[in-house]
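Q: I would like to learn how to read a protein model. Can we go through it one feature at a time?

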Amino acid sequence: MSSQTISSLLGRGHQNNFKLTEKQKSIMIGSDDSCRKGFICSETYLAPFHCRIFLQKDNVHGWKTLIQEKAMNPQKYVTFVNKNRLKMRETQWLWNGDEVKIGRGDNLENLICFVFQDETEKRKLAKTIEVPEYLKHRFNNCQESIGSGAHSIIYLAYETKLRETRECVCKIVSLTKKVSESCFEKLCQEPKLLESFNHSNIIKVLGYHIGNNPDRLLIWQEKMQCDLEKYFQKRKIICPNEWYNISFQVLDALKYLHDKGIVHRDIKPENIMWTDNTCKVLKLIDFGVAKNYKNETERDNEQVGTHLYIPPEIHRASNAEINDLYKPPVDIWAFGILSFRFLTGQTPFFENEKYDKTALRDKIIKKEISKIPLMERRINERIIELIIEQLLDYDPKSRVTANEVMGILTNLQKLFE
Ligand SMILES: Nc1ncnc2c1ncn2[C@@H]1O[C@H](COP(=O)(O)OP(=O)(O)OP(=O)(O)O)[C@@H](O)[C@H]1O
């Protein structure tokens, strides 16, 4: 078996580092020899079995590194991930750059600190990510990738403006087997569209380049911190107050787009990102399949977007009908599914997140939505009604608009204070 490093914890302010590999998938951190196969930290007071750090693989995220609190005496021993203290036996998913602090007492400064590094991200290197000559005075691209999607890889980059250099990202789409010529052509519309927007909850494009031979699209954008899917996966559930704050920002961006005649067509948590780690401001990203629904020359006849978030009218439509159905209600439905998932931790159709596409399509078409998970979570009746009857309305013509949802939420503000 290979022993490639999957992740590491690098000591900050001390020399203790350790790594997890495909061979060594789990490690205990503790203070004495009873911590078998473990990492014995001599620099601070730790419980004999303080915490466990281990790998888990899933089909969506690949390797995930998790930390579990193992100390039995919470009065004495503590484990923090960033500024959040883990409860007894609590497990948390670690992300690149997370700060893990362990030790005794309640003074964070006295604890032993590690910084988590996801080594698999570093390995997704670009072959060539040269900046074209005429843009070299504005952008610098790095070899480090910080994300990827079905069509692109996102690299860390720098923008030079006056005498200041700021971090940004460069999204690169290349014409490959995976990205056909027609798909590439469509994706080339994304930066032009983004340049026409000016909204605080929509990603800003800083510059772009469409090159041929090799056919490659480079889009420099503001750097975001983390997408809502990862954020949700880490929390497993989003509380109503936080959902309210998220909703307002997403709906405000949707209202702006819809008023301009644009449908995003791929609203999902992966395409909504926090601007920084204060997790206050959100921006919509990925306008690769966005469309001007008022422009009759832009007709298309195939389904786009992500299965779980596609509304019933699109699932049911024939190729000839589909173009006329791609209108703002499509984004509202997707926002309804997102809301359901965030508030309950599950999809409206299946209890867990593993499902087959055909079964999912069947359930969507047959309207097999259950509001029980929302009731079990004691979500306010008016919010349940909003999600089930209005956002997930089967008739796109009577489905609420972004503006109407904002009005409803404003009237319900008291519930979230
Ligand atoms: N501006 C950004 N700053 C930081 N990370 C980003 C940024 N844009 C994208 N990412 C990361 O890269 C991932 C893929 O980006 P994006 O959705 O734009 O690519 P795509 O190839 O169009 O994706 P899709 O699979 O939806 O077609 C995002 O989910 C996010 O994690």
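Q: Apart from neighbours within four places in sequence, which residues is Lys-70 in contact with?

A: Two residues are in contact if their C-beta atoms, placed from the backbone, lie within 7 Å. Leaving out neighbours within four places in sequence, Lys-70 is in contact with Phe-49, His-50, Cys-51 and Arg-52. This is a predicted model: local features need pLDDT of at least 70, side-chain atom pairs count only at pLDDT 80 or more, and totals for chains, interfaces and linings use all residues. Residues are numbered from 1 along each chain as its sequence is written.

Q: Where is Lys-70 placed?

A: Helices (H or I, at least four residues) and strands (E, at least two) are DSSP runs, numbered from the N terminus. Lys-70 sits in the loop between strand S6 (62-69) and strand S7 (77-81). Tyr-45 is 25 residues from Lys-70 in sequence, and 14 Å from Lys-70 in space, C-alpha to C-alpha.

Q: Is Lys-70 buried or exposed?

A: Count the C-beta atoms, placed from the backbone, within 10 Å of the residue's own: 20 or more others means buried, 12 or fewer exposed, and in between partly exposed. Lys-70 is buried, because 20 other C-beta atoms lie within 10 Å.

Q: Why does Leu-217 count as buried?

A: Leu-217 counts as buried because it has 24 C-beta neighbours inside 10 Å. Leu-217 is in strand S16. Setting aside neighbours within four places in sequence, Leu-217 is in contact with Val-173, Leu-187, Cys-188 and Ile-210. Lys-25 is 192 residues from Leu-217 along the chain, and their C-alpha atoms are separated by 38 Å.

Q: What is the phi of Arg-89?

A: Phi of Arg-89 is near 70°, a positive value in a residue other than glycine. Arg-89 is in the loop between strand S8 (84-85) and strand S9 (91-94). Arg-89 is exposed, because 10 other C-beta atoms lie within 10 Å.

Q: And what is the phi of Lys-367?

A: Phi of Lys-367 is near 60°, a positive value in a residue other than glycine. The loop between helix H9 (357-365) and helix H10 (372-376) holds Lys-367. Lys-367 is exposed, with 9 other C-beta atoms within 10 Å.

Q: How many residues has helix H5, and what distance does it reach?

A: The expected span of a helix is 1.5 Å times one less than its number of residues. H5 (residues 240-259) has 20 residues and reaches 27 Å from its first C-alpha to its last, close to the 28 Å expected. H5 is followed by Gly-261, whose phi is positive, near 85°.

Q: Which residues of H5 are buried?

A: An α-helix has 3.6 residues a turn, so residues three or four places apart point the same way. In H5, the buried residues include Ile-246, Val-250, Leu-254 and Leu-257. Seen down the axis, the buried residues of H5 fall within an arc of 165°, so they line one face of the helix. That arc is taken over the directions from the helix axis to the C-beta atoms. On the other side of H5, Asn-241 and Asp-259 are exposed. The buried residues of H5 pack against several elements, among them helix H8 (329-344) and helix H12 (402-411).

Q: How many residues surround the ligand?

A: A residue is near a molecule if its C-beta atom, placed from the backbone, lies within 6 Å of it. Here 22 residues surround the ligand, and the closest are Gly-147, Gly-149, Ala-150, Ser-152 and Asp-286. S12 gives the most to this shell, with three residues.
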